[in-house]
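Come along and look things up with me.

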Amino acid sequence: MTMDTANIKLPVYLDYHASTPVDPRVLEVMLPWFTEKFGNPHSSSHSFGREAAEAVEKARGQVADLIGADPREIIFTSGATESNNLAIKGAANFERHHRNKRRRIVTLVSEHKCVLESVRDVEREGFETVFLPVDQDGRVSMADLDRVVDDETLLVSIMAANNEIGVLQPLEEIGALTRERGVLFHTDAAQAVGKIPIDVEGANIDLLSISGHKLYGPKGVGVLFMRRRPRARIEPLFSGGGQERTIRSGTLAPPLVVGIGEACAIAGQELEEERGRLTALRHRFLERFNARVGGAVLNGSLENRLPGNISLRIEGVDALALIDLAPDLAFSTGSACTSDVVEPSHVLRAIGLEDGQAGSSIRLGLGRFTTADEVDFAVDHLAEAVGQSRRQAGAA
Ligand SMILES: *Cc1c(COP(=O)(O)O)cnc(C)c1O
């Protein structure tokens, strides 16, 4: 079969978990804030500052609407890495300095590195930490959680959706448990917000992290949601002018803030339709790929999964070799943050894969600009590469 690739731009981008392009509609609302509208949003003595402040407040409302929050609960940061650090270290520091009763912090072994490292950091400050395992599907066991969350526990940090295998955690069940026991619930929702419905009320979430560049907004901006009632108390990490309700000092970047606001508004409007479209594209990929290539297994739960995630383990191939054999496809082997370190992904290990199985796993991320033609091209190109790789391995 020969494919008409005339209207496909190469390489085909299939790495939407690493980053998403800025939606052109988002870029358009950002641009004036780089040029004529340059005021400092914290300068209230003239119109330059006031118009920037108004734009920031509009964006705050757009973000809040997407997750069912109050605009006063939205803190702008530099990204989800900062939001996660702020939530975990900020909660630990507040407890240590003001109450000093709860000592335990609970998270998952499959979290993003910035959560794992933040938890390690507070462990060095004297907190007791628990890194819960996940099952073969990549999900937390509620029985495990029930066992370690008690009146000594300060915080549970469990991600909404995994950045490698796309597996979703049961946020509502976790939130019901933490709220009942007076424990803070933080969720790293960098991959989930804008892709699946997230409601901070329904899931009793106290702290939630968002990243601009995972939902078609700009890089370098993020959000920390901080519940007002019951109040989630955290200490700031930065000293300074006391911006963002004293929680995050520093001059806000209006182009980025306006961008993440617009990105949230668009994501909210299009979420249901886009979720259906991506689920269908993923189905199309898996069906066609499995018809062409034997021995491919999806890593993690299919049912509880981000619509655009395909984490595949392909028997008898080396993922790194596959990347070289399929230069017209942009995809990854593990998580982007660790892909220059040749070490099996901690997430794939967490769901029970042997090092060899992890080494034959690839991650494809479909997103807003992925088309059916691109999916078909990817199936073709990848199937050829797998065949080639297996022949080479067989000949060696
Ligand atoms: C990308 C990502 C982060 C880091 O977000 P930045 O905004 O790039 O700092 C954290 N957690 C998850 C799950 C992510 O996917």
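**Entry 1: an arginine and its partner**

I began with Arg-96, which is partly exposed at a relative accessible area of 27%. For the terms, buried means under 20% relative accessible area, exposed means over 50%, and partly exposed is in between (1.4 Å probe, protein chains only). Before going further I noted that this is a predicted model, where local features need pLDDT of at least 70, side-chain atom pairs count only at pLDDT 80 or more, and totals for chains, interfaces and linings use all residues. Residues are numbered from 1 along each chain as its sequence is written, and side-chain values use heavy atoms, with hydrogens and water left out.

Which residue forms a salt bridge with Arg-96? I found Glu-125, with the closest N and O atoms 3.5 Å apart. A salt bridge here is a side-chain nitrogen of Lys or Arg within 4 Å of a carboxyl oxygen of Asp or Glu. Arg-96 sits in helix H3 and Glu-125 in the loop between H4 and S4, so the pair ties together parts 29 residues apart in sequence. Helices (H or I, at least four residues) and strands (E, at least two) are DSSP runs, numbered from the N terminus. Glu-125 counts as partly exposed, at 45% relative accessibility.

I stayed with charged side chains for a while. Side chains of opposite charge can pair when their charged atoms come close. By the rule I wrote down, the count comes to 27 salt bridges.

One of them joins Lys-89 and Asp-121, at 3.3 Å from N to O. Lys-89 belongs to helix H3 (residues 80-99) and Asp-121 to helix H4 (residues 113-124), so this pair links distant parts of the chain, 32 residues apart. Asp-121 is partly exposed, with 28% relative accessibility.

I then checked Glu-274 and Arg-277, whose side chains meet in a salt bridge of 3.0 Å, N to O. Both lie in helix H7, three residues apart, which is about one turn of the helix. Is Glu-274 buried or exposed? Glu-274 is buried, at 18% relative accessible area, while Arg-277 counts as partly exposed at 30%.

I also marked a network of salt bridges that links Asp-23, Arg-25, Glu-270 and Arg-368.

**Entry 2: the seven-stranded sheet**

Next I traced an open sheet of seven strands, in the order S2-S8-S7-S6-S5-S3-S4, with mixed pairing. Two strands pair if DSSP finds at least two bridges between them. Why is one side of S2 and of S4 left without a neighbour in the sheet? Strand S2 (74-77) and strand S4 (128-132) stand at the edges, each with a single partner strand. The twist averages 20° from one strand to the next.

Inside the sheet, strand S7 (residues 207-211) and strand S8 (residues 222-226) pair in the antiparallel sense over five bridges. Leu-207 stands opposite Met-226 in S8. H2 packs on the sheet and touches S2, S7 and S8, its direction making about 115° with that of S2. Helix H6 (residues 171-180) packs on the sheet too, touching strand S5 (153-157) and strand S6 (184-188), and its direction makes about 155° with that of S6. Axes are lines fitted to C-alpha atoms, for helices over the stretch in contact, and angles run from 0 to 180 degrees between N-to-C directions.

**Entry 3: another strand pair**

I turned to strand S12 (residues 361-365), where five of five residues are buried. Ser-361, Arg-363 and Gly-365 cover one side, and Ile-362 and Leu-364 are on the other. Strand S10 (residues 309-314) pairs with S12 in the antiparallel sense over five bridges, and Asn-309 stands opposite Gly-365.

Helix H2 (residues 47-67) and helix H7 (residues 254-292) pack at an angle of about 30°, their axes 8 Å apart. The residues in contact include Ala-52 and Val-56 of H2 and Val-257 and Gly-261 of H7. Contact means heavy atoms within 4.5 Å.

Last, I looked up Leu-252 in the loop between S8 and H7. Leu-252 is buried, at 7% relative accessible area. Beyond its neighbours within four places in sequence, Leu-252 is in contact with several residues, among them Val-56, Phe-76 and Val-257. Asn-40 is 212 residues from Leu-252 in sequence, yet 7.9 Å away in space, C-alpha to C-alpha.
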